[in-house]
Amino acid sequence: MAPQAQIARRFEPSVGESSFACDVIAGLTARPKRLPPKYFYDEAGSQLFEQITELPEYYPTRCELAILSEHGADMGRLLPSDTALVEFGSGSTRKARILLAAAPAITAYVPIDISSEMLANEAAALWRDHPQLAVLPVEADFTRPFRLPPPVAAQPRAGFFPGSTIGNFEPHEASAFLRHAARMLGRGAILIIGVDLIKDVGVLNAAYDDAAGVTAKFNLNLLARINRELEADFDLDTFSHQAFYNTERRRIEMHLASRKRQNVRICGRVFDFRAGETIHTENSYKYAIESFGALARGSGWTPRAVWTDEKGYFSVHALAVADH
Ligand code: AVJ
């Protein structure tokens, strides 16, 4: 290591540092310390998230799959014939496949994702199973403006945003995302969106602090990733996973707490932690059906229908772009 790399520099990213490095440095310089949840999903993190979706305590995936299976045909009936389904941040096509099977009105599928490899593989596999479907992947950050593929411009459009990923946004960001989606999809569009519901605090806490410790591993993997990619020396045994429902703010919060006072080196900089000091790694907002409807109304959409699972744990909303 070059000698100057040993010396703690000022907490400003230098030219050429990746946006991951910049975001980590900025987040750990902020008080309270924080890290953006989008960095959970490297290869290891994506695998851990897949394991989370199969945990007995983690109800959202199972509930949403059940809602899509049971009501996919009703959702399909809201769509005009020859609709293009645009999925925001698709990852796996598992949920879209349920909708595609239940909704013959959909003739084109446009998955939008930043991970080009996953996108290409999933798109190819889907097209193999649905040779009559136009599969048109777009490699983009779905929160930023992107260009829809030309063939889709002339078709009616429906957005698909499952998984309650919208829960990772602050409410004002969720509103901005909904406005952005309305602009990208255009007049007459429908949005089918999964939204996790407020429920018993015990159920919520267990879903994010499971007995097998998979969510703890998922949270700690963020530090492991920083070690792997940013020449850092986090000792994972000295940080612990915390997850709890914040009733007032209607969100699950995840944190990583330092068990002791310590210094950590990242990219040649030194960050100090007090004993018990936390890094805030994720918020997962929960909504009541009515409050999500109000958020949608204030963000360019008109609620058209909503479905829940039998326990009322999770909701899937169908929204229509408001006339103006
Ligand atoms: C992928 C954002 C929907 O908030 O439930 C799961 C992420 N974090 N367990 C969620 C997550 C911890 C998940 N989302």
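**Cysteines, a helix pair and a serine**

The predicted model holds zero disulfides, a disulfide being a pair of cysteine sulfur atoms within 2.5 Å. Cys-22 is partly exposed at 24% relative accessible area, while Cys-63 comes out buried at 10% relative accessibility. Here, buried means under 20% relative accessible area, exposed over 50%, and partly exposed in between (1.4 Å probe, protein chains only).

This being a predicted model, local features need pLDDT of at least 70 and side-chain atom pairs count only at pLDDT 80 or more, whereas totals for chains, interfaces and linings use all residues. Residues are numbered from 1 along each chain as its sequence is written, and side-chain values use heavy atoms, with hydrogens and water left out.

Next, the helices (DSSP runs of H or I, at least four residues, numbered from the N terminus). The axes of H3 (residues 43-53) and H10 (residues 214-229) come within 9 Å and cross at roughly 175 degrees; axes are lines fitted to C-alpha atoms over the stretch in contact, with angles running from 0 to 180 degrees between N-to-C directions. That makes H3 roughly antiparallel to H10, the label for angles over 145 degrees. On the H3 side, Ala-44, Gly-45, Leu-48, Phe-49, Gln-51 and Ile-52 take part, meeting residues of H10 that include Phe-218 and Arg-228; contact means heavy atoms within 4.5 Å.

Finally, Ser-175 lies in helix H8 (residues 171-185) and is buried, at 16% relative accessible area. Beyond its neighbours within four places in sequence, Ser-175 touches Leu-295, Gly-298 and Ser-299.

Note on methods: Helices (H or I, at least four residues) and strands (E, at least two) are DSSP runs, numbered from the N terminus. Angles under 35 degrees count as roughly parallel, over 145 as roughly antiparallel, 65 to 115 as roughly perpendicular and the rest as oblique.
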